[in-house]
Every structure is written in C-alpha cells, then in structure tokens.
Amino acid sequence: MLRMSWSTFRDRWQVFVGAIVTVCLGVALVQSSLLTLVSAATAKIPPGLSAAEERALRDGYDGAVALLGMTMGLAAFVAIFIVSSTFAFTVAQRRRDLALLRLVGAGRGQVRTLLVGEALLLGVLGSALGVLVGVVVMRLQAAMLDAFGFVPPGFVGEWRQWVLSVSGGTGIGIAVLGVLAASRRAAKVRPLEALRDVGGAARVMTVSRWVFGTLFLGGSIALLILVPVLGGEAALPLSIFVSFTLVTAFAAFAPLVVPLVGWPFGLLFRGRLGVLAHANLRAGVRRSASTAAPIMVLVAFVVGMAGTMDTITEASRQEVARDMSADLVLDADRPVRDQVAAVQGVDAVSEEAPVILDVGLDYGGEQITYQGVDALAVDPAGYASTHRVVPTAGSLADLRGETIALSPSYAPELRFKVGDTLPVRIDGGPDRLRVVALLPDTLAGPFFLLPPDVMPADGAWRYAVKAADPQAVAPRLASLGEVKTTSEWIEAYADEEQRQSVDVMVALLGMAMLYTVIAMVNAVVISASDRRGEFAAARVTGLTRGQVVRTALGEALGVVAIGLLLGTLAAAGTVVGIAFAIKDMIGISATSPPWALLGAVAVGATLIVGTASVLTTLSATRTPAIRLVAARE
C-alpha cells in the first residue's frame, strides 16, 4: 500500500500542493519560532547596563518568548486544520477510487494505510522544504521583533542542530494528524455504495462530526463562562483559545450551515445562472464547507484578536478616564513638585514616578518566584486628591516607609491581605514591604503603589494637576515640561496601547494570514479540478463558457459569505468573552468591534476566492465540452 501511496501521490500531486505549502510554512514557522524563543530565553544581559536598561531588555526578551510560544501554537493549529480540511475534501472526491480498491479486495486498514502513506510523503516533503524556508523566516522574525522593540538590534536566533528532528517530527505530525479523521471516514466507504455519487449534507454530517462539533461547542461555551471568572492576565490567552474551539466546532457543523445560509441566497440569485449557482451551493455541501473553512479561520483569528485587543484598549482608556480627576498632566525629566505647587491656580498636585522592582510571589513551591513589575511611587495625599481610587481594604494614608499598596488582580490566586509582607528586590531599598492597602481590580494599572521614599533620583516624573482654570494654568507649567490636558494625555496613552496591540497582532497573525490565503486558493483549485465533467455537461446543454464561469463565481461568492458569517460568529465569541471578563473585573462595559478590519478581510477574501474561481474555471473549461462529457472522470 505504501507503493500505491507513492503512485497516487505522484498522480494527484496538484491536489496536495496547497497542503505541502501549508506544512512547509508550518514547519518553517515552528522551527524559526522555537530557535528564536530558545535564543531569547537564554540570551545573556550584557554588563554595564543601568537597572532600567537591564529591566527593559529582560522584559523585551520575556515578551518575545511569550509571543513566540503563542505563534508556535497558532501555526500548528492552523496547519493541522488546513491539512485535515484538504484531506477530508480529497477523500470525498475519491470515493469512487476508494470503492474500487475495496471491490478488488482492499481492507479498511489498507485504505487507511494508503492515506496515511500519502500524508507521510506530504509531511516528509513539506518538512524538507520547511527546514530550508525556516532559516529565512528566522531572520525575518528576528527583524520583526527588533522593529517592534522586543529584542535589541542585531539579535538573531541561533541555529541548533537538534531542531532538525523537531522540524521533521512537526511536519510529519501535522500531516498525519490532519489525515486521521479523513482516513477513518475513507475506511468506512462501502464498495457498492461509493460507486455512485453521494454529496448530500446528510451523508457529510457523520457521527464523528456531530460528536466533535458538540464537544467543541460545549467547550467553547464553558470557556466563555470561565473567562470572566478567571479574569486578570488569564483572560486574553483564554479568550484566544476560545477562537480555536469555536472554529473547530463551526467547521464540524459547516455542512449544516451551508444549506441554511444558501437558502437566503436563492433570493439574490436571479435568472437561470443564479438558480444554477444556488443549486450548486446547496448540493455541493462538502465542497462549499471545505472552501469556507479557511475563510472562517482567517476571520475568526484576525478579526477576533483585533477585536479583543481593541476592546482591552478601549476598556483601559475608559478606566483611566474614570479614575483620573486631574485637569492637567505634566511630564518632566526632573523632580519639580515644589515648582508645580507654587504655580498660581494649582489646587492640588500628585507627584508620580515609575519604579523598577521585582516582586516575589509565593506559589507554594520551595522557592519564591520573582517577577519584574512596573510600580508607581506616589505622594499618597496628592494621589488621592487627583485620582478616584478608593482602596478596597486599608488606607493610602499609611503608604509611608517600607510599605506597598497593590491590586490583587495582578495575582488573584494568591489572595493578598492587608498586613501581608511582600518580598521585593529594589535598588537601594528594603527586601520586604508590608501591604497597607488593597487597590481595586485594574486593567490599565498601576498594580503597585510605593511610598515617596523610594522615588528614583533620576528618570521621568509625571505630575497630575488639579486647577480651577486649566487653560490659564497650562501655559504657566509649560516651562517645567510637556503639558497636556487630561483628555489629551488619555488619548495619547490609548494610542500607544493601540500601537503595541497592532505590533503584537502583526507578529502573531502575519504568517497565519498567509496560511489561510494559500488554503483558500487551494480549496478552490481542488474543487474546480473535480468539476470538469460537470462544467462540460452544463456547456453542452446550452451554457456558454462565460456563463459557466459566472455561475461558478456566484457559487464562490456564496461560499465566501458562509465563511465570513461563521468566522464572524467565532470572532464575536472571543470579543464577548473578553468583554464579560472586563465587566466583571473593573465594572466597565466596553466592546470595540473592528468593523473596518472586518470589511477589509471580507473584501480581500472575496477578491482572492473570486479571482481563483474565475481562473480555475477558465482552466477547467479549456477542453471542448464534447470531449469531456463521455470521458471517464
């Protein structure tokens, strides 16, 4: 059977081109991300840096490690999803061939061996190409991390010989995992039954589809309920994981959705060409579902993640606006509190300075885990007069000496209490601080407030100023630093948060978008390659070549709409999950759907699928129809 696998693979190589490219890119991205991750995790901090520079460099490396880890997971998921979709589609197309194998004596195990053998060949070829491409991707990835400020200039992942075994295992694993469900379905083909064409939705919805679809849909609902409960730092990765489960569930139930969505399209398709396109859309359930799958993945991940990050940014902006009662914000490069307080018209001023420290968190192990955090040293009285922050326990008035105020939302599992002592590492400071106040849960921060005793001797200072007449006071403060109104400062803060979110999204989803584009084109090409006889029959009944092309284009546009609908539902689930988590966490209702991005994705998917449909249909109708009508399919 393995020899036959090679023969069928060689004979139908055009069908597997998209899957080979997908495996290649998956291996390349996993290899590149793994090498870059290991290099970032083991990078040595050069001597001679200041504490702030060392902390910034270490935080950048930590951010790069987290981002690369998510990239590997996303790349593997998308690759397996696309390869499995491709094999499921090709198995449906090859039912007659598989039935003939059963008729001549092949057992179910041999049929599965045939498909797994094809997957092994695909995996080996994709892995070999992926190793080579991964070297190039690693440099591109390092340049991107450098451009986004995660790593220092000149950083590049270091090659390690052991990654060859990881890359080979990844490629073969992606291919084999992708073919397992399809091979199980192929093994159930009955010799006589599969000799006739079967394409209805009832036969597409197998027991395994119902089981997996129900399990993943139930898991998605459970995760959406769990996101608000966990909140904090767990909300974002958990919400992204919801996208994975929803996409899998919707992909399983897609054959049910195609006829339902196809019915309204019958109202839009006019004339005999429209009726034919509508009939093809509803009859070719497997074909429509497989073509819609990569569109659904694209929308779910790109729009879902963009909506999640935009929602977090909007909620952070609203939280800062809610908690800030000052009228002006002054940024200075030196301490100028006395000068600010002496300005005519200033009613209250809060001096605030960022502080670098490591907080020790005790998770019950043998050693305390230290994590770098951003804290803010403040004057308690001034801070209380310019911010609407009411501690849930304790008092900011006690923030003197070796003390700290913190928000339990930073590590809710540790259940901090007033009076606890917190291990810390801070330059020139104590090694333990007593908790004197618990701040409300926060999304925008600060999570930690320190007394004015630990304010740094150099760095940056921010002054929140209350004034009866802000317009008159602002020019008087201009000589001390950069002055903004509170609304201007909040908008600048939101813009910076948005920029960072876009950087993360581009770094995380750039390659996944390329995956889905390839998968869209591949699905259209595979479907067209199996419809030459169908197109020929339509032409001999009176349709022109142009009419056949327009009919296929109308069908493709309907499939795009189905993918957009299911992908938007999956993306909405992600955004709703994070919105509920934010509401439960800080009491702010915020959603920021990326309508412009959704429109751009919809237009892009329509152009890509439409163009691929036109080109492949033209190619499939090049041969005179009369030569194909009686030809063996």
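This is a predicted model: local features need pLDDT of at least 70, side-chain atom pairs count only at pLDDT 80 or more; totals for chains, interfaces and linings use all residues.

Trainee: How many bridges join strand β5 to β7, and do they run parallel or antiparallel?

Mentor: Strand β5 covers residues 403–406. One of its residues, threonine 403, has arginine 434 as its bridge partner in β7. The number of bridges is four, and the sense is parallel.

Trainee: In which sense do strand β4 and β7 pair?

Mentor: Strand β4 consists of residues 393–394 and is linked to β7 over two bridges. Glycine 394 has alanine 437 as its bridge partner in β7. The sense of the β4 and β7 pairing is antiparallel.

Trainee: Which residue in the turn of the hairpin formed by β6 and β7 has a positive phi?

Mentor: Strand β6 (residues 421–425) runs antiparallel to β7, joined by three bridges. Within this pairing, proline 423 stands opposite arginine 432 of β7. Six residues lie between the two strands of the hairpin. The turn residue with a positive phi, about 70°, is glycine 428.

Trainee: Turning to the helices, are α5 and α6 roughly parallel or antiparallel to each other?

Mentor: Helix α5 spans residues 108–147, and its axis is 7 Å from that of α6. The two helices pack at an angle of about 150°. Angles over 145 degrees count as roughly antiparallel. The relation of α5 and α6 is therefore roughly antiparallel.

Trainee: Is the crossing of α5 and α6 left-handed or right-handed, and how many nonpolar residues does their contact have?

Mentor: The crossing of α5 and α6 is right-handed. By class, the contact of α5 with α6 has six polar and three charged residues, while the number of nonpolar residues is 17.

Trainee: Is valine 176 buried, exposed or partly exposed?

Mentor: Valine 176 sits in helix α6, which covers residues 163–187. Its relative accessible area is 21%. Buried means under 20% and exposed means over 50%, so valine 176 is partly exposed.

Trainee: How far apart in space are valine 176 and leucine 120, C-alpha to C-alpha?

Mentor: Leaving aside neighbours within four places in sequence, valine 176 is in contact with Ala119 and Leu120. In sequence, valine 176 and leucine 120 are 56 residues apart. In space, their C-alpha to C-alpha distance is 6.6 Å.

Note on methods:
Residues are numbered from 1 along each chain as its sequence is written. Side-chain values use heavy atoms; hydrogens and water are left out. Buried means under 20% relative accessible area, exposed over 50%, partly exposed in between (1.4 Å probe, protein chains only). Contact means heavy atoms within 4.5 Å. Axes are lines fitted to C-alpha atoms, for helices over the stretch in contact, and angles run from 0 to 180 degrees between N-to-C directions. Angles under 35 degrees count as roughly parallel, over 145 as roughly antiparallel, 65 to 115 as roughly perpendicular and the rest as oblique. A crossing is left-handed if the near helix is turned anticlockwise from the far one by less than a right angle, and right-handed if clockwise. Ala, Val, Leu, Ile, Met, Phe, Trp, Tyr, Cys and Pro count as nonpolar, Asp, Glu, Lys and Arg as charged, and the others, Gly among them, as polar. Two strands pair if DSSP finds at least two bridges between them.
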